[in-house]
Amino acid sequence: MKKNQNVPPEDVRFGREVQNLANRFRRLGDENLQKEGITISQLRVIAYISKHSGETVYQKTLEEYLGIRRSSVTGLLKNMEKSGLLERSGSDTDARVKIVSLTEKGRELDVKLKNYIHGLEEEMMKGFEEREKELLRTFLQRMLENLDLIERSRV
């Protein structure tokens, strides 16, 4: 097998650093969110529904947003329903279509968790100037766009 001469040295590989950052953020978030009895994935569901307050949120939309399989989303939502954080109901026109909404308990937890995540992000970005934060956001967004292009070219 021919050696690839274009492989960058270890010090310029970003994928590992991005993955480590995401894993550590998730782990810290999960550890602290355990106090509330939820995970980062459940937080994402609560945040999405809250952000789209006043709109109809379908389970299918959450599957697409979370990027996970239907069975995984179903299990996630069932657990949240048992905890009293959300309700699922069938559509008036199609009982197979599930509509998802937050309960009062879910809305209260949403506010509390947003404050927690904001604090964690502030701690993570300590020492960064505003212009550095904006530049980092720009770079990360560009990286995501590049990955989107790669994914679309493979379809």
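Predicted model: local features only at pLDDT ≥ 70, side-chain atom pairs only at ≥ 80, totals over all residues.
Reader: Where is Glu-63 placed, and which residues are in contact with Glu-63 once its neighbours within four places in sequence are left aside?

Author: Glu-63 belongs to helix α3. Helices (H or I, at least four residues) and strands (E, at least two) are DSSP runs, numbered from the N terminus. The contacts of Glu-63, leaving aside neighbours within four places in sequence, are Ile-68, Arg-70 and Val-73, where contact means heavy atoms within 4.5 Å.

Reader: Why is the pair of Tyr-48 and Tyr-65 called tilted?

Author: One aromatic pair is found in a search of the whole structure. Rings of Phe, Tyr and Trp (its six-membered ring) pair if their centres lie within 6.5 Å; planes under 30 degrees apart count as stacked, over 60 as edge-to-face and the rest as tilted. The ring centres of Tyr-48 and Tyr-65 are 4.5 Å apart and their planes stand at 40°, so the pair is tilted. Tyr-48 is part of helix α2 and Tyr-65 part of helix α3 (residues 59-66), so the pair ties together parts that are 17 residues apart in sequence.

Reader: Is Tyr-48 buried or exposed, and what is the relative accessible area of Tyr-65?

Author: Tyr-48 has a relative accessible area of 14% and is therefore buried. For Tyr-65 the value is 36%, so Tyr-65 is partly exposed.

Reader: How do you know that α2 and α4 are roughly perpendicular?

Author: The axes of helix α2 (residues 40-51) and helix α4 (residues 70-82) cross at roughly 80° and come within 11 Å. Axes are lines fitted to C-alpha atoms, for helices over the stretch in contact, and angles run from 0 to 180 degrees between N-to-C directions. Angles under 35 degrees count as roughly parallel, over 145 as roughly antiparallel, 65 to 115 as roughly perpendicular and the rest as oblique. The two helices α2 and α4 are therefore roughly perpendicular to each other.

Reader: Which residues of α2 and α4 meet?

Author: From α2, Ser-41, Gln-42, Val-45 and Ile-46 meet Leu-76, Leu-77, Asn-79 and Met-80 of α4. Five of the residues in this contact are nonpolar, three are polar and none is charged. Here Ala, Val, Leu, Ile, Met, Phe, Trp, Tyr, Cys and Pro count as nonpolar, Asp, Glu, Lys and Arg as charged, and the others, Gly among them, as polar.

Reader: What makes β1 and β2 the edges of the sheet?

Author: The open sheet has three strands in the order β1-β3-β2, with antiparallel pairing. β1 and β2 each have a single partner strand, so one side of each is left without a neighbour in the sheet.

Reader: How many bridges join β1 to β3, and over how many do β2 and β3 pair?

Author: Two strands pair if DSSP finds at least two bridges between them. Strand β1 (residues 57-58) is joined to strand β3 (residues 98-102) by two bridges, and Tyr-58 has Ile-99 as its bridge partner in β3. Strand β2 (residues 86-90) pairs with β3 over five bridges; Glu-87 is partnered with Ser-101 in β3. As for the helices, α2 lies across β1, β2 and β3 and runs at about 90° to β3. α4 packs on the sheet, touching β2 and β3, with its direction at about 120° to that of β2.

Reader: Why is Gly-106 called buried, and what does Gly-106 contact?

Author: Gly-106, in helix α5 (residues 104-124), has a relative accessible area of 0%, so Gly-106 is buried. Leaving aside neighbours within four places in sequence, Gly-106 is in contact with Ile-46, Gly-84 and Leu-85.

Reader: Is Lys-133 buried or exposed?

Author: At a relative accessible area of 12%, Lys-133 is buried. Lys-133 sits in helix α6 (residues 130-153) and touches Met-125 and Phe-128, not counting residues up to four places away in sequence.

Methods: Residues numbered from 1 in each chain as written. Heavy atoms only, no water. Buried < 20%, exposed > 50% of the residue type's maximum accessible area, 1.4 Å probe, protein only.
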